[in-house]
Amino acid sequence: MPKDRKRVTTQRLQELKVRGTPITMLTAYDYTSARILDRAGVDVLLVGDSASNVMAGHETTLPITMDQMIYHAQCVVRGVERALIVVDLPFGSYQGNSKEALVSAIRVMKEAGAHAVKLEGGEVVVQTIQRILDAGIPVMGHLGLTPQRIYQFGTYKVRAQEEDEAERLVRDAGLLQQAGCFATVLEKIPAALASRVTKELTIPTIGIGAGPGCDGQVLVTHDMLGLTTEFHPRFVRRYAELADIIHAAVERYCSDIRSRAFPTDDESY
Ligand code: KIV
């Protein structure tokens with residue numbers, strides 16, 4: 001755990017980039033987990049719209065609503081003392097026009113107590129990002145594989161492998177920085193391209209499936225803890241096998257009840 005328990009700010013992330021200290025980021029959706037992750041020293045907690053997949057069991061991130069994101073964010077905020085809390089604007093809450101996007105971002109900040117919002121896309125959302133920033137709300141970008149566009153992409157495979165998409169991504173990253181984003185996620189793009197973008201930008205890049213050249217890394221917590229068992233992409237390193245541990249514990253619990261080994265007199269009043 002870092003000795004410095006001071007609240008992480010967007011300025012602090014900038015300092016980490018300048019110093020060459022890698023930024024740590026994980027997803028969080030509930031109070032109990034957020035508290036554990038925060039105490040373990042994660043710099044940024046993302047209330048990701050991946051909650052749609054890992055919390056609600058949907059196939060994509062599209063169905064999650066604004067009210068559901070706000071509920072998850074409120075739970076996370078209550079558990080966190082140090083980390084910067086970034087909340088995803090869900091699909092449909094910012095694509096219509098920049099005024100709707102601003103209303104969504106304000107809801108996330110006001111009703112959940114978030115510190116920043118994240119939204120997906122490059123040039124097409126730059127005006128929207130500017131409007132949100134003008135209201136004093138920090139924005140994190142998200143380029144590369146942007147899951148809210150999965151039906152347009154048709155596949156979760158690596159993005160920007162062809163030169164024209166790679167060049168567009170480099171341009172988009174520059175536009176996000178110019179607009180005032182404090183950082184950007186780079187998801188599932190070639191490592192060399194992520195390194196190039198990281199070198200060209202002065203704001204931090206946070207990679208997921210984008211190689212070691214980014215300023216920081218993010219994973220979906222359920223994936224890195226082995227809670228999701230059917231998802232094994234190359235970029236996820238599993239730091240625990242919690243599904244197996246929970247399975248074994250619950251089997252023992254059921255067995256103890258059935259054999260009347262639980263509860264004992266010591267566990268009774
Ligand atoms: O929703 C999410 O979990 C994300 C990360 C994959 C970056 O956006």
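Predicted model: local features only at pLDDT ≥ 70, side-chain atom pairs only at ≥ 80, totals over all residues.
Visitor: Which domains does the chain have?
Guide: The domain assignment gives domain 1 (10-238) and domain 2 (241-269). Such bounds come from an automatic or database domain assignment.

Visitor: How far apart are the centres of the two domains?
Guide: The C-alpha centres of domain 1 and domain 2 are 38 Å apart. Five residues of domain 1 are in contact with four residues of domain 2, where contact means heavy atoms within 4.5 Å.

Visitor: Let us turn to helices. At what angle do α2 and α4 pack?
Guide: Helix α2 (residues 31-39) and helix α4 (residues 66-79) pack at about 40°, and their axes are 7 Å apart. That angle makes α2 oblique to α4. Angles under 35 degrees count as roughly parallel, over 145 as roughly antiparallel, 65 to 115 as roughly perpendicular and the rest as oblique. Helices are DSSP runs (H or I, at least four residues), numbered from the N terminus. Axes are lines fitted to C-alpha atoms, for helices over the stretch in contact, and angles run from 0 to 180 degrees between N-to-C directions.

Visitor: Which residues make that contact?
Guide: Y31, A34, R35 and D38 of α2 meet C75, V76, R78 and G79 of α4. By class, the contact of α2 with α4 has four nonpolar, one polar and three charged residues. Here Ala, Val, Leu, Ile, Met, Phe, Trp, Tyr, Cys and Pro count as nonpolar, Asp, Glu, Lys and Arg as charged, and the others, Gly among them, as polar.

Visitor: And α5 with α6: what are the angle and the distance between axes?
Guide: Helix α5 (residues 98-112) packs on helix α6 (residues 126-134) at an angle of about 45°, with the axes 9 Å apart. These two helices are therefore oblique to each other. On the α5 side the contact involves S98, K99, A101, L102 and A105, and on the α6 side Q127, T128, R131 and I132. The contact of α5 with α6 has four nonpolar, three polar and two charged residues.

Visitor: How are α8 and α9 arranged?
Guide: Helix α8 (residues 163-179) and helix α9 (residues 191-200) pack at about 25°, with their axes 10 Å apart. That makes α8 roughly parallel to α9. A166, E167, L169, V170 and A173 in α8 meet L193, R196, V197 and E200 in α9. The contact of α8 with α9 has six nonpolar, no polar and three charged residues.

Visitor: Now single residues. Is S52 buried or exposed?
Guide: S52 is buried, since its relative accessible area is 0%. Buried means under 20% relative accessible area, exposed over 50%, and partly exposed in between (1.4 Å probe, protein chains only). S52 lies in helix α3 (residues 51-54). Not counting residues up to four places away in sequence, S52 touches G57, H58, T60, T61, L62, P63 and I64.

Visitor: Where is R260?
Guide: R260 is in the segment after α11 (242-258). R260 is exposed, with a relative accessible area of 75%.

Visitor: How far is R260 from I137?
Guide: R260 and I137 are 123 residues apart in sequence and 56 Å apart in space, C-alpha to C-alpha.

Technical notes. Residues numbered from 1 in each chain as written. Heavy atoms only, no water.
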